[in-house]
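Please turn to the sequence and the structure on the screen, and I shall go from the whole chain to individual side chains.

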Amino acid sequence: MKKYITRTIKITSLVLAVFCATWLLQKFILCHPDHNKLRINGFYLEEPNTLDVVFMGASEMYTSFAPGLAYDKFGFTSYSYATASVTAGAITTQFKEIMRTQDPQLIVVEINPFLYPDDKNESNEGSIRKYIDNVPYNENKREYIKSLATNDEIEYHIPFIKYHNSWTEYPGGIKFAGAMVLQNLRGYTLLKGYKTNTGICPLDDDYLNQKLINDDTTLDLYPLYEEKLRETLSYCNEHNIKNVLFIRAPHLLETESDYDAFCRTNAAEKIIKEYGFDFINFERDRETMSYNAHMYYNRQHLNIYGSKSFTEYFGEILSNKYGVSKAQLTDRQKSQWNEAAEYYYKFYKCCDEMTMSDEKAVEIEEDLFGIREIEKHQ
């Protein structure tokens, strides 16, 4: 009997060791480490019910609003729970995940996922994985994976299978792995999901921004995206999630495709208001449409200067019009948010210095040893 007990203990210990090793490898090494993983992981490090505002959507959201600056200026806490090119089908899952861990005063949804002219992004594996691979395993994740109706479902349940060869990306990937380890050891992030770029768009008379402020032209949403938008709005109403504000972030509008997306935004606004929710179109706001091209690093995204102006402007709207009040925090939590605000200003200074001294655009974010360059662009 003693022999069998010893064997059972050894086998159990081996299974647990293999499981723990696999979990650690999947979380930090054999994965796709990038800023999306850092951002989503960081959200789950935030203490439950400590975020006053949570932003959802794609890259327009995490490049437009700086939570550290907003905390310093207005006193509320916030986080950008967003990933690049997030799919429309993931938005309801994002709602479920936010409400699972937080009870925010307001949820802000940037509607870019519903504005694509075709369904390519919805079925794009990269767009899907940038979000769902990084969500902790739970019923919401399982439900979303099932909705994908893919033959590779097991690879979504166990990303380790998909990324088992990702060790070949190292040592280059160590920069993100190191940042992941750091923020988990620290227990919170400093940028709260914010990411930026020091690029500057050229000044040009061809931008349409000022001409479109009073343009009510509509263009129907692609049928799949209208369906997904209505599903999202119905979900919010059915679950009594009323503290939701939908927005369209500011963009530089220049091409025919830009204008088409603008017209689809007008159509989306009507649908959103049909379900009783507020919508702010910053593509038709005189303040934000007065931003010149030097406040963008490309037509779709604000740069460090644009995001500073937008955070200060939108933060005031959130405080004054939507009643977002100052956070009620413990002394320890205040210390962490004061650190985040201080870090933002160091971050901004670093970006500003790079912009003034380098003709190349630089993506930067926090690193194991502070602020670092991610990638330079001509």
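Accessible areas in this talk come from the Shrake-Rupley method with a 1.4 Å probe, and for residues only the protein chains shown count as cover. By that method the protein exposes about 17,400 Å², and carbon and sulfur atoms supply 52% of it.

A word on the source. This is a predicted model, in which local features need pLDDT of at least 70 and side-chain atom pairs count only at pLDDT 80 or more, while totals for chains, interfaces and linings use all residues. Residues are numbered from 1 along each chain as its sequence is written, and side-chain values use heavy atoms, with hydrogens and water left out.

Let me begin with the overall picture. The protein has 14 helices and 10 strands; helices (H or I, at least four residues) and strands (E, at least two) are DSSP runs, numbered from the N terminus. Of its 378 residues, 54% count as buried. Here buried means under 20% relative accessible area, exposed means over 50%, and partly exposed lies in between (1.4 Å probe, protein chains only). Contact means heavy atoms within 4.5 Å. Among contacts between residues at least 6 apart in sequence, 81% join residues at least 24 apart.

I turn now to the interior. A nonpolar core is a set of buried Ala, Val, Leu, Ile, Met, Phe, Trp, Tyr and Cys residues joined through side-chain atoms within 4.5 Å. Which residues have the most contacts inside the largest nonpolar core? They are Phe95 and Phe246, in a core of 46 residues. Helix H11 (residues 223-238) gives the largest share of this core, with 5 residues. A second, separate core of 31 residues includes Val53, Ala70, Ala82 and Leu318. Returning to Phe95, and leaving aside its neighbours within four places in sequence, its contacts include Met56, Val109, Tyr235 and Val244.

Met56 brings us to strand S1 (residues 53-57). Because 5 of its 5 residues are buried, S1 is largely enclosed by the rest of the structure. Both faces are covered, with Val53, Phe55 and Gly57 buried on one side and Val54 and Met56 buried on the other. Two strands pair if DSSP finds at least two bridges between them. S1 runs parallel to S2, joined by 5 bridges, and parallel to strand S3 (residues 106-110), joined by 4 bridges. Met56 stands opposite Tyr81 in S2, and its bridge partner in S3 is Val109.

Met61 is found in helix H3 (residues 59-64). Is Met61 buried or exposed? It is buried, with a relative accessible area of 0%. Apart from neighbours within four places in sequence, Met61 is in contact with Phe55, Met56, Ser80, Ala82, Glu110 and Ile247. The C-alpha atoms of Met61 and His301 are separated by 8.9 Å, although the two residues are 240 residues apart along the chain.

Helix H2 (residues 35-45) is also largely enclosed by the rest of the structure, because 9 of its 11 residues are buried. Among them are His35, Lys37 and Arg39.

Finally, the charged pairs. Side chains of opposite charge can pair when their charged atoms come close. A salt bridge is counted here when a side-chain nitrogen of Lys or Arg is within 4 Å of a carboxyl oxygen of Asp or Glu. A search of the whole structure finds 18 salt bridges. In one of them, Glu110 meets Arg248, with the closest N and O atoms 3.2 Å apart. Glu110 lies in strand S3 and Arg248 in strand S5 (residues 244-248), so the pair ties together parts that are 138 residues apart in sequence. Glu110 is buried at 0% relative accessibility, and Arg248 is buried at 4%.

Another salt bridge joins Glu342 and Lys346 (3.6 Å, N to O). Both lie in helix H14 (residues 331-357), 4 residues apart, about one turn of the helix. Glu342 counts as partly exposed at 48% relative accessibility, and Lys346 counts as partly exposed at 48%. Elsewhere, salt bridges that share partners join Glu60, Glu110, Arg248 and Glu283 into one network.

That concludes the presentation; I welcome your questions.
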